[in-house]
Amino acid sequence: MKASDLREFTMIELLNKRKEFSAELLNLRHQKVIRQIENPRRIREIKKTIAQVNTIMKERELGIKSGGGDRES
């Protein structure tokens, strides 16, 4: 899921999404241990998405505007 899509959610929805992604990550790690995982790359994707959700939530707590990668060099 893209960060721009996540930024459209409310804080409550972000909390719910983080909970869903954490549960999926736990399930994927379990599958990895028992060697039944179909897409091992999905673990990395889920971890990245959880980090994005945490970053967006922290930005909102601090009142920081979203960066969006529009930096001038």
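Biologist: Under what relative accessible area does a residue count as buried?
Modeller: The model is predicted. The cut-off uses relative accessible area, with a 1.4 Å probe and protein chains only. Buried means under 20%.

Biologist: Is T49 buried or exposed?
Modeller: T49 is found in helix 3. Its relative accessible area is 7%. The cut-off is under 20%. Therefore T49 is buried.

Biologist: Which residues does T49 touch, not counting residues up to four places away in sequence?
Modeller: Contact means heavy atoms within 4.5 Å. With sequence neighbours up to four places away set aside, T49 touches M1, L6 and F21.

Biologist: How many Å apart in space are T49 and R60, C-alpha to C-alpha?
Modeller: In sequence, T49 and R60 are 11 residues apart. In space, C-alpha to C-alpha, the separation is 17 Å.

Biologist: What does helix 2 reach from its first C-alpha to its last?
Modeller: Helix 2 covers residues 11-33, with 23 residues. At 1.5 Å a residue, 33 Å is expected. The reach in the model is close to that, at 33 Å.

Biologist: Which helices do the buried residues of helix 2 pack against?
Modeller: In helix 2, L14, F21, L25 and L28 are buried. The buried residues of helix 2 pack against helix 1 (3-6) and helix 3 (41-62).

Biologist: Is helix 2 roughly parallel or roughly antiparallel to helix 3?
Modeller: The axes of helix 2 and helix 3 come within 9 Å and cross at roughly 155 degrees. Angles over 145 count as roughly antiparallel. So helix 2 lies, relative to helix 3, roughly antiparallel.

Biologist: Is the crossing of helix 2 and helix 3 left-handed or right-handed?
Modeller: Residues on both helices make the contact, including F21 and L25 of helix 2 and I46 and I50 of helix 3. The crossing of these two helices is left-handed.

Biologist: Which residues make up the largest nonpolar core?
Modeller: This core has 7 residues in all. The members are F21, L25, L28, I37, I43, I46 and I50.

Biologist: Which residues is I37 in contact with, leaving aside its neighbours within four places in sequence?
Modeller: I37 belongs to the largest nonpolar core. Beyond its sequence neighbours, the contacts of I37 are L28, Q31, K32 and I43.

Biologist: Which residue with a positive phi follows helix 2?
Modeller: The phi in question is near 60 degrees. The residue that follows helix 2 is R35.

Methods. Residues numbered from 1 in each chain as written. Predicted model: local features only at pLDDT ≥ 70, side-chain atom pairs only at ≥ 80, totals over all residues. Heavy atoms only, no water. Helix = DSSP H or I, 4+ residues; strand = E, 2+ residues; numbered from the N terminus. Expected span 1.5 Å × (residues − 1). Buried < 20%, exposed > 50% of the residue type's maximum accessible area, 1.4 Å probe, protein only. Core = buried A, V, L, I, M, F, W, Y, C linked by side-chain atoms within 4.5 Å. Axes fitted to C-alpha atoms, helices over the stretch in contact; angles between N-to-C directions. Parallel < 35°, antiparallel > 145°, perpendicular 65-115°, else oblique. Left-handed = near helix turned anticlockwise from the far one by under 90°.
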